[in-house]
Amino acid sequence: MNDLELWYDSSASKWTDALPLGNGRLGAMVFGGVARDEFQLNESTLWSGGPYQPTNAEARPNLDAVRQLIFAGRYAEAEALANAHSMARPYLEMSYQPAGNLYLDVVHPELFTQYRRSLDLDRAVTTTSYRVAGVSYTREAFISATHGILVVRIRADRPGSVSVGVELASPQHGQVRVDGSTLHFAGHNMGEHGIVGALTFAMEARVLPQGGSIAAEPTRLAVENADAVTILLDIATSFVRFDDVSGDPQACIAARMAAAVELGFDALLEAHLAEHRRLFRRLDIDLGRTAAADRSTYFRIKEFAEGDDPALAALYVQYGRYLMISSSRPGTQPSTLQGIWNRETSPPWGSKYTTNINLQMNYWLPDPANLAECMEPLLDLLDDLTVTGRTMAATHYGARGWVLHHNTDLWRATGPVDGAQWGLWPTGGAWLCAQLWNHAAYEGYPESLVRRLYPALKGAAEFFLDTLVPLPGTDLLVTNPSLSPENVHPHGASICAGPAMDSQILRDLFASTIAAGAQLGLDAELRAEIAAAAARLPHDRIGKAGQLQEWLEDWDMEVPEIHHRHVSHLYGLYPSWQINPEATPELFAAAQRSLEIRGDDATGWGIGWRINLWARLRDGDHAYAVLARLLHLERSYANLFDAHPPFQIDGNFGGAAGILEMLVQSRPGRIHLLPALPSRWRKGRLRGLRAVGGIELDMSWENSRVTAVRLVSPLAQSVTIDVNGAQHVVQLAATAPVELAL
Ligand code: FUC
């Protein structure tokens, strides 16, 4: 039994039964149907629309009026005015698009038996197998990161038994052409919300039979009586950058195809396995194994909450790592709300980048999960946003620097969209800065990364220096207009001034900018200005229910949705470290109270966040109880994709990060081992987790006590380790392994 496998005894009848493959750029969902197999296809740069800048010239002239209405407590009027004048044009962003479908048609003379369908996470290969009339058939598929293409191999254990019709289709504009042994699709993307489709794109499937014959039909290729068939598939668009669509998709495909054809199946597979395992094999996790792990994946999800299947939680971590490796690699687009897997032309929330929690949550996993390079696309995105967001900051706010509101897309739109109630929140970019500064902490603040991040940090800080306004009657500086994503307060609006989350994020942004500037020896005056503004941000407040206040006013107990999915004001507890039991015990207790009031149930990502929060509250059993809501058919589909519902991948990443957060927590200079171990995971083992400072950590535990710890640091540093209720100060020399004496 392979414990790194998702497997099923029937083919996928729904998209969320199908198994995902990807190399960060190409994505496929594999259905495994015997008579008709489907590979639903994506390419990460195929979005609707084209380069655009959604500024609205009316926004700035109305900014002061919106601010005054908010300070006057006339929130509904402020929201109405903002909806009329402050929102981006267009009002909605572009959406991530499906590219097409590869279909395989197979006619067998008899019914099949012994069906099995699987995804091996350690190989990143799907396998479908069955028997017909004494012959065993196998279909394997993978998407190569080294060679950039989807490879499908169909074989049988009796020569001449493989006959298959191969078809290519697309919901986009364009046409299929059959040529020799190749299917071509040439097309272009759709326009949306008044933005014209500006991308051309192409798909190509090369069908290579071994033995037998191949015939071209008007819309498909038919292979008869082959020993085996290999299909190579590639997709490309003309996207180059958010402001450049001059690429040549046919030429990209031709180059990759030629290299792949030359190499052949075995060598392609070998290169694929080596590259995948280079990343995937860096971390092992063992939380124990029971007989439940022998069942198929669907039944394991179904029975997790009532049963005892610690290995499913371990598999969930590895699946999260697999999804990250498959949807976000250096040089590709960041992972969207659906990673890279989307079959709809009007996907939920555009399958784009929602930056008031969802995109950030996607990237909670890579650092601890030892996949630092998967952060690269997020760094690239930040670079782009500083360009597009500068125009937005100037036009909508008359401010320096750059701004990102609660969504962005392939074209790096940064405006307030969807409606003021959701979109008029200026802090999305600042959160990304704080998050990437935390990534820099994981890397040990190397100068090259600090230099790369600094312009973004500085620009984000400048934007807030120019837009924070004094709270009337006080010396405090607050955001206005803003909101606490996406919660409606008792005045029937979301729009407000100075929600707790904004001040928390800005504290992190300002501290990061000062630290980065100091490390680089730059902008001393600006740093002083930032420090002065930081000192005037409102402190977190404790309200009448003992809760951490979500707003400046004590509104929390009077909101229409007391169990709201967002827990924005708990940003200070997780992902930030501002609220912790040592430095801020009262706020720590108040944060716990807020979380109790909010409740454990939420959307998939809402549960993902709560697992991490309960881990930071050091309550392993509570975190486990919340995890049991995620590993449940209400919040996980048969293919273990997170169900918001509908499918949204943030819950996968947030949940996987949450399990690691239960086992190890780290911040600069400190590592806490088993901070929130549930009583069910009394014995376990972890290899290759990455802590802040780039420290790689292996540990074992028994009877809920750590029994062995091994650390390897890339640089000389001192770190305090909390373990088994004691603290050890450890001096680490570069690359020399250290074992703790326990
Ligand atoms: C935010 C959330 C929704 C959803 C959407 C993509 O707006 O409030 O639940 O996750 O993003």
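## A walk from a buried arginine to the ligand

Arg-300 is buried, with a relative accessible area of 6%; buried here means under 20%, exposed means over 50%, and partly exposed is anything in between, using a 1.4 Å probe and protein chains only. Before going further, keep in mind that this is a predicted model, where local features need pLDDT of at least 70, side-chain atom pairs count only at pLDDT 80 or more, and totals for chains, interfaces and linings use all residues. Residues are numbered from 1 along each chain as its sequence is written, and side-chain values use heavy atoms, with hydrogens and water left out.

Back to that arginine. Arg-300 sits in helix H5 (residues 297-303); helices (H or I, at least four residues) and strands (E, at least two) are DSSP runs, numbered from the N terminus. What does the side chain of Arg-300 make a polar contact with? Its partner is the side chain of Asp-309, at 2.8 Å. A polar contact is a pair of N or O atoms within 3.5 Å; within protein, one must be able to donate a hydrogen and the other to accept it, and residues adjacent in sequence count only if both atoms are side-chain atoms.

Now for the ligand. Leu-337, Trp-349, Thr-354, Asn-358, Glu-486, Arg-565, His-566, Trp-605, His-644 and Gln-648 surround the ligand, each with a heavy atom within 4 Å of it. That shell splits into 3 nonpolar, 5 polar and 2 charged residues, where Ala, Val, Leu, Ile, Met, Phe, Trp, Tyr, Cys and Pro count as nonpolar, Asp, Glu, Lys and Arg as charged, and the others, Gly among them, as polar. A polar side-chain atom of His-566 is 2.7 Å from a ligand oxygen. For Trp-605, an N or O atom of the side chain lies 2.9 Å from an oxygen atom of the ligand, and a side-chain N or O atom of Gln-648 is also 2.9 Å from a ligand oxygen. On its own the ligand has 290 Å² of accessible area, and the protein covers 96% of it (Shrake-Rupley method, 1.4 Å probe; for residues, only the protein chains shown count as cover).

Next, some strands. E3 (residues 26-30) has 5 of its 5 residues buried. Both of its faces are covered, with Leu-26, Ala-28 and Val-30 on one side and Gly-27 and Met-29 on the other. E3 pairs antiparallel with E2 (residues 19-22) over 4 bridges; strands pair if DSSP finds at least two bridges between them. Leu-21 has Ala-28 as its bridge partner, and the E2-E3 hairpin has 3 residues between its strands, with Gly-24 in the turn at a positive phi of about 90°.

Glu-696 has Val-712 as its bridge partner. Their hairpin leaves 2 residues between the strands, and Asn-703 in the turn has a positive phi of about 45°. E26 is also joined by 2 antiparallel bridges to E29 (residues 738-739), where Val-738 is the bridge partner of Leu-711.

Last stop: helix H10 (residues 428-442), of which 14 of 15 residues are buried. Gly-444, with a positive phi near 80°, follows H10.
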